[in-house]
Amino acid sequence: MSQARVLSLVGLAVFAVAAVAYAQTTVTPIPDKEPVQTAPLNAGPQSKWGDVKAGATKAGTCAACHGLDGNPTDPQYPRLAGQSERYIAHQIALFKSGERNTGMSAAMKPFADALSEQDARDLGAYFATQKSGAGVADDTVIATGPNKDKKFYQVGEDLFRRGDKARGIPACMACHGPGGAGNPGPAYPHLAGQQAAYSQRRLEEYRAGTTTQRDPHLFNVMAGVAKQLTDEEIGSLASYLQGLHERADDIAAAGAPAPAAKPAAAPAPAQPAAPAEAPKPAAAPAAPAKG
Ligand code: HEC
Ligand code: HEC
């Protein structure tokens with residue numbers, strides 16, 4: 001099996017194209033997405049915004065599985081580095097109440113039980129400040145089936161960027177961001193670099209469509225997205241996400257110029273060129289993949 005690192009330069013390409021166009025035309029801001037209705041956080045009303053330092057001192061208990069900085073070495077545990085305070089606190093509350101009990105939740109539950117609402121938010125704030133690492137994506141060429149001749153991760157890449165209009169699957173990046181950074185406001189989780197085995201498990205749970213959460217609002221958002229995914233697509237999405245590096249890191253690492261510079265100066269991505277169009281909201285997925 002061969003492997004590849006997947007760079008995410010979509011955002012950079014969009015910015016560069018936009019900057020050139022705007023230099024000669026009237027500036028029309030890209031409209032913001034419709035606000036998404038989200039359930040109130042049941043992390044608890046007594047807590048206040050998490051404290052990074054306090055979280056760092058409490059994170060020692062999590063290290064054996066999630067790594068001290070939230071980057072685990074064992075592939076079965078999820079990466080927490082770069083995940084938002086709000087999302088982490090919410091998930092801990094769900095483990096604690098027993099509402100999140102699928103997959104490998106039994107391993108996590110005793111640790112959630114030991115945390116107060118404020119502990120959960122402090123830990124969330126700490127992991128949110130940690131730099132997420134990433135793994136590698138599988139670029140083995142697919143031998144048979146509807147995706148024959150594509151590299152394995154490219155099936156997921158297409159869905160991530162463009163969705164599949166014919167089947168009503170929105171582009172993942174419409175909510176999770178072009179670089180997979182997530183969106184802390186509506187609690188769309190950070191996905192870039194997430195361990196493939198974990199993402200696969202989660203996508204299978206969403207596809208199955210049932211949860212014991214009392215307020216399944218957010219679960220149902222993902223269940224709607226995942227219900228039509230095939231096994232191959234789920235495996236490929238998980239592999240793509242594992243290899244997805246956040247673009248800010250990549251640009252810094254490559255020593256690239258600021259986005260306002262000539263587009264040609266941008267480092268060449270390690271995969272086919274990014275679509276030169278802005279991400280569209282979930283309701284109106286971008287056009288299907290190149291003819
Ligand atoms: C014994 C191993 C273990 C320890 C120690 C542990 N966890 Fe976990 N944790 C897990 C497993 C396994 C999962 C994934 C559960 C599943 O399959 O859905 C998980 C999931 C999570 C998630 C959800 C991640 C997501 O993306 O939804 C959060 C948040 C979390 N753990 C936080 C913590 C914190 C904070 C600590 C320390 C106080 C901790 N964990 C300690 C095993 C552990
Ligand atoms: C309409 C917005 C939206 C779209 C589009 C979307 N997601 Fe999500 N995603 C969410 C929300 C909200 C959650 C949190 C659900 C929960 O609380 O269980 C989530 C959670 C996830 C998780 C679990 C993360 C974790 O740490 O446990 C994965 C994996 C995921 N999404 C992958 C995808 C993929 C792959 C696609 C595209 C096929 C996609 N998402 C499209 C909103 C979206």
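Alanine 187 counts as buried, because 21 C-beta neighbours sit inside 10 Å of it. (Buried takes 20 or more other C-beta atoms within 10 Å of a residue's own, exposed 12 or fewer, and partly exposed is in between, with C-beta atoms placed from the backbone.) This is a predicted model, where local features need pLDDT of at least 70 and side-chain atom pairs count only at pLDDT 80 or more, while totals for chains, interfaces and linings use all residues. Residues are numbered from 1 along each chain as its sequence is written, and chains are lettered from A and ligands numbered from 1 in the order in which they are written.

**Two loop residues**
- Alanine 187 is in the loop between α8 (173–176) and α9 (196–208), and its phi is near 60°, a positive value in a residue other than glycine.
- Aspartate 149 also isn't a glycine, yet has a positive phi of about 80°.
- You'll find aspartate 149 in the loop between β2 (137–138) and α7 (152–162).
- Aspartate 149 counts as exposed, because it has 9 C-beta neighbours inside 10 Å.

**The chain overall**
- The chain has twelve helices and two strands; these are DSSP runs numbered from the N terminus, with helices being H or I of at least four residues and strands E of at least two.
- Starting at the N terminus, the order is β-α-α-α-α-α-α-β-α-α-α-α-α-α.
- Of the 291 residues in the chain, 43% are buried.

**Around ligand 1**
- Ligand 1 is surrounded by 22 residues, where near means a C-beta atom, placed from the backbone, within 6 Å of the molecule.
- The closest are Cys62, Cys65, Gly103, Met104 and Met108.
- Elements giving two or more residues to this shell are α3 (63–66), α4 (85–97) and α5 (105–113), and α5 gives the most, with four.
- By class, the shell has 15 nonpolar, six polar and one charged residues. (Ala, Val, Leu, Ile, Met, Phe, Trp, Tyr, Cys and Pro count as nonpolar, Asp, Glu, Lys and Arg as charged, and the others, Gly among them, as polar.)

**Where α4 meets α5**
- The axes of α4 and α5 come within 8 Å and cross at roughly 100°, so the two helices are roughly perpendicular to each other. (Axes are lines fitted to C-alpha atoms, for helices over the stretch in contact, with angles from 0 to 180 degrees between N-to-C directions; roughly perpendicular covers 65 to 115 degrees.)
- Ile92, Phe95 and Lys96 of α4 make the contact with Ser105, Met108, Lys109, Ala112 and Asp113 of α5; contact means C-beta atoms, placed from the backbone, within 7 Å.

How values were computed: Parallel < 35°, antiparallel > 145°, perpendicular 65-115°, else oblique. Contact = placed C-beta atoms within 7 Å.
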